[in-house]
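Hi everyone, thanks for coming. Let's bring it up.

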Amino acid sequence: MKPYIYITRKLPEAVVESIRQTYEVKMWEHEDIPVPKEVLFSEAQKADALLTMLSDQIDEEILTAGNQLKVVANLAVGFDNIDVKTASRLGIAVCNTPDVLTDTTADLTFALLMAAARRIVEAAEFVKEGNWKSWSPLLLAGHDIHHKTIGIVGMGKIGETVAKRATGFDMNILYHNRTRKPEIEQKLGAVFTSFEELVEKSDFLVCLTPLTPETKNLFTRDVFKKMKQSAIFLNASRGPVIDEQALYDALVAGEIAGAGLDVFEKEPINAEHPLLTLPNVVALPHIGSSSVETRTDMMKLCIDNITAVLDGTEPKTLVNKDWKPLVNA
Ligand code: DGY
C-alpha cells in the first residue's frame, strides 16, 4: 500500500503531480476554506504525512488520531499551531518553511511600514472615492521614513532582512532579540538594546518575534504607553504577541501615531473589527510570504520534507531537531 499524504488545502496540481505515482495524495477540496476539524481528524487517522496550513490546529488529538503519522509539514515558517512537544514524544517529524520566504516576508513588512508611514492606503482610497479636489500643502501628509529609527523585535532571518532594507533608507537600526547578533551589528550597523529602550526610542517598531509562551501578549498597554506619540507599530509575526485592545486604545488616545498589521489575534478578522475603523491602521490578511514564487517554493519544500521523512531520511527544514529518521521507514 502506498503511504498516504493528506494536504489540508487545495494546492495547485502542478505542485503535487510528481508525487502521485509513489504516494496516495488527497487534498481538502477548497483553496480558501479551512478543513473542518472532524475531517482533519478522520484523515489524520490514516495519514502517514500531513501537509498543513498555519490556520490548522495540529494538537494532541490530531497527532494521536492514528498510529502511522510520521511527519507534519507546515506551510509557514511559524509553527505555533502545532503541538511540537507531543509530536516529538510520538516520533513525528515537524517541518516548516524557513529561508525560502525570508526576502518576500521582509518585503511585505517593509511595504507595510511604508504604507502606514506615508498613508498609502488612505491616499489611494481618497483618489478612488473621488475626494481629490485640489493639490494642497498638507494633503495626506505622512511621516518620513529615511533617517528615522527602526526598532526590530525578533532579529531572526526576516528581522535581519528587514534591517537590510532599512539601511537603504539610512535608518538607525535598533534590535532586541533573545540572543545578540554581533555579525548583524557589524554588517548592518544594528544596535542591540533592551526591549524597554527599543520601545522608547523607535519611530517604527517592527514586531517579528515568533509566538511562544514568552512572547504572548508582549505588547501590553504599558508598552504602547511608553512608545513615542509619533511612533508607528508594525506586526508581521503573530497576532497574539500583542494585546489588540490595548493597541486600539493607544491609537484612539493618540499615544502612538499609527499601525500596520498583517496578523491578528483571531484570524480572519471581519469588517466590524474595531481596528478597521481607524484611518491610521493599515490591515492586511496575513500575506507576509504571499508571492506566487515564494508560496510555490514553500509548497515544494513541504513536499520535499514529507518525501524525505517517508523515505527514511532527514528532512531539509526540521523543527524538532531531536527527531531522528526511522530505520527502514
Ligand atoms: C509564516 O510563514 O509563518 C508567516 O506568517 C508568513 O506569512
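Let me start with Phe110, which is buried at a relative accessible area of 4%; buried means under 20%, exposed over 50%, and partly exposed in between, using a 1.4 Å probe and protein chains only. Please keep in mind that this is a predicted model, where local features need pLDDT of at least 70, side-chain atom pairs count only at pLDDT 80 or more, and totals for chains, interfaces and linings use all residues. Residues are numbered from 1 along each chain as its sequence is written, and side-chain values use heavy atoms, with hydrogens and water left out.

How many aromatic pairs does a search of the whole structure find? Six, where rings of Phe, Tyr and Trp (its six-membered ring) pair if their centres lie within 6.5 Å, with planes under 30 degrees apart called stacked, over 60 edge-to-face and the rest tilted. Phe110 and Phe169 make a tilted pair, because their planes sit at 40°, with ring centres 5.0 Å apart. Phe169 is partly exposed, at 27% relative accessibility.

Next come Tyr175 and Phe192, an edge-to-face pair at 5.3 Å centre to centre and 65° between the planes. Tyr175 is buried at 0%, while Phe192 is partly exposed at 29%. There is also one aromatic cluster, formed by Phe195, Phe219, Phe224 and Phe233.

And the cysteines? The whole-structure search finds zero disulfides, a disulfide being a pair of cysteine sulfur atoms within 2.5 Å. For Cys302, the nearest cysteine sulfur belongs to Cys95, 8.1 Å away. Cys302 is buried at 1%, and Cys207 is buried at 0%.
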